Amino acid sequence: MRQRITYLVPEGVEADPSTVKVSKTKLIFQSANLAAVEKRLTTSSSDIPASVHELHIRWASPRDYSAISPLASRIPPGLHVFYTPTQSSNEYAISNSLDIEITDGCSSDICPLLKELFDKDLTCDSVAESFSRLPILSERFAASSTYQYFHALPKLLQFQAAFARKACDKGDTACIGRIATLSSASYFDIDFDAISNVLTLTGFWPISSQNGISHQVVEKLRVQDTVEVGVLHSEKADEPEELKLGGHLTVLGDSEKPSQYAHSVALETVLTNDTGGTLFSFPSRHHPLPEGSRTTYSIAFQQPTGLHPKLDIKFPAKELAPPRDSCALHAYFTLPSALFIDRYQLSDPLFLASQNLVSLRSLSGEDDLEAPDWVVLRWGSAALLELAHPDTALRSSTEDWTVTIPTHLRYLSSALSANESSSPTDKASLDIPWPNLFWACDAEDGLKMTTNPFDRVNLGYDGLFGPRTMFYHIPPQPTNGKQLMDTLSVPVLDARAADWVQIATLMAVLLGFAWICWKLVGGNVQSRRKTSQKTKDK
């Protein structure tokens, strides 16, 4: 098993080697509370049979956080699953590695595994019914998975319990405590593919999430494990496509002080600076906005929402400028099955321009415009929209630049508006994750993005672009308690009035039927009278 722990101190702060104490089995970073932390665990899985070709699980917390270079990538909050099966797909390979017993009896589907790991109430019956197929807009990009699934999961409590049962001995409070820190993680990734045949788990903790949690101590879980630790800070890059980091790297057991081990981060180019530290650069897909940019965004549904809610995305107009030439502004949505976008409505250029939209680049998932929510089987839909942005003249305005996304609600079952502790109402609540906003820019030919040791792919939207696309992520600015999840109040049938509605509907149908019969009979009688009168006249 291999661990990689990376401490990222804020920009402008250098990594001081005197705050790092190293022994053969332990490292203590005394200033860990001033740094963001990425932890990666890679374990061998050579005993896993050929079952799942590719599985990427991405979870993001609904809590807002400050991203830090080189970990600038973002996804909408919730649980994202990207899956590519083999011809004999079998989820038992991964379930056995985590000691999870699947009781469903279905060995060709990963839905039972997801329910066991994350949430027993997942609306996931099978891959064929509940997952959607990922579209491919760029044939050159080969890293896209076949299927996609999303669920608005706010916490990882069930996964933490399952992982602790597998990884920790009974009574091992230190091990359980390490797993408990996932409660404050901003995102958590699980990756498995049949080619490398390894399982990788990655978590990220920003500086603001470490209140009451200590990441100072790094220890080997087992004597034979490899533990690599980096204390790094951002440097000014020489090229706009690159990121540059400096600091100190250590492999536990190889040295008793911070040093420069090139193999510890698998970099192609590592330079030693004058202080004995490490300096390296690499091209990257994901970037924060350029220094000095204060662009942020916020979202809100127009009130009243009704059955056709309109979602407003607001930017400060004077700050919304592309970071470089040939950049386009995009929004990536993951919408639950109860809310959808009408692709035909967004095919009218005049309507798009009136909402400050350019085009609907991609829409996958459930696209039935008439089906009520209780008959929809898929998880929902994913949409990529290109947004318009103000030109130079409009950026002098002090007002907000607003982009409006028209959405539509499906009819919901009245059962969704009640639970065991409350009486039925005429309203239901839907959790709508905030979209991910970014600039997509063309990079120079010949760049090898895969040399980035912090590269993060299979995020849903990256597979819709070419392999040399760079993403400059716009940070959100929530006002609802720093939550990146909006609650939409939805009108539903009040279950207390359901009987009266049935009776009233039946009476209306009967009265309508009687009125039609009366008109038909009356018209027939009148026609006969006219015919008889004509006969008499003749």
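## Salt bridge Glu241–Arg324

In this predicted model, the side chains of Glu241 and Arg324 meet in a salt bridge at 3.3 Å, N to O (a side-chain nitrogen of Lys or Arg within 4 Å of a carboxyl oxygen of Asp or Glu). The partners come from distant parts of the chain, 83 residues apart: Glu241 lies in the loop between β12 (226–235) and β13 (242–251), and Arg324 in the loop between β18 (310–316) and β19 (327–336). Strands (E, at least two residues) are DSSP runs numbered from the N terminus.

Glu241 counts as buried because its relative accessibility is 3%, while Arg324, at 23%, counts as partly exposed. Buried means under 20% relative accessible area, exposed over 50%, and partly exposed in between (1.4 Å probe, protein chains only).

## Other salt bridges

The structure holds 11 salt bridges. One of them pairs Arg456 with Asp189 at 2.7 Å, N to O. Arg456 sits in the loop between β26 (436–442) and β27 (469–473), and Asp189 in strand β9 (residues 187–193), 267 residues apart. Both Arg456 and Asp189 are buried.

Glu366 and Arg378 also form a salt bridge (3.6 Å, N to O). Glu366 is buried at 14% relative accessibility, whereas Arg378 is partly exposed at 32%.

## Exposed tryptophan

Trp374 lies in the loop between β21 (357–365) and β22 (380–387). Trp374 is exposed, with a relative accessible area of 55%.

## Basis

Residues are numbered from 1 along each chain as its sequence is written. Local features need pLDDT of at least 70, side-chain atom pairs count only at pLDDT 80 or more, and totals for chains, interfaces and linings use all residues, while side-chain values use heavy atoms, with hydrogens and water left out.

Notes:
Helix = DSSP H or I, 4+ residues; strand = E, 2+ residues; numbered from the N terminus.
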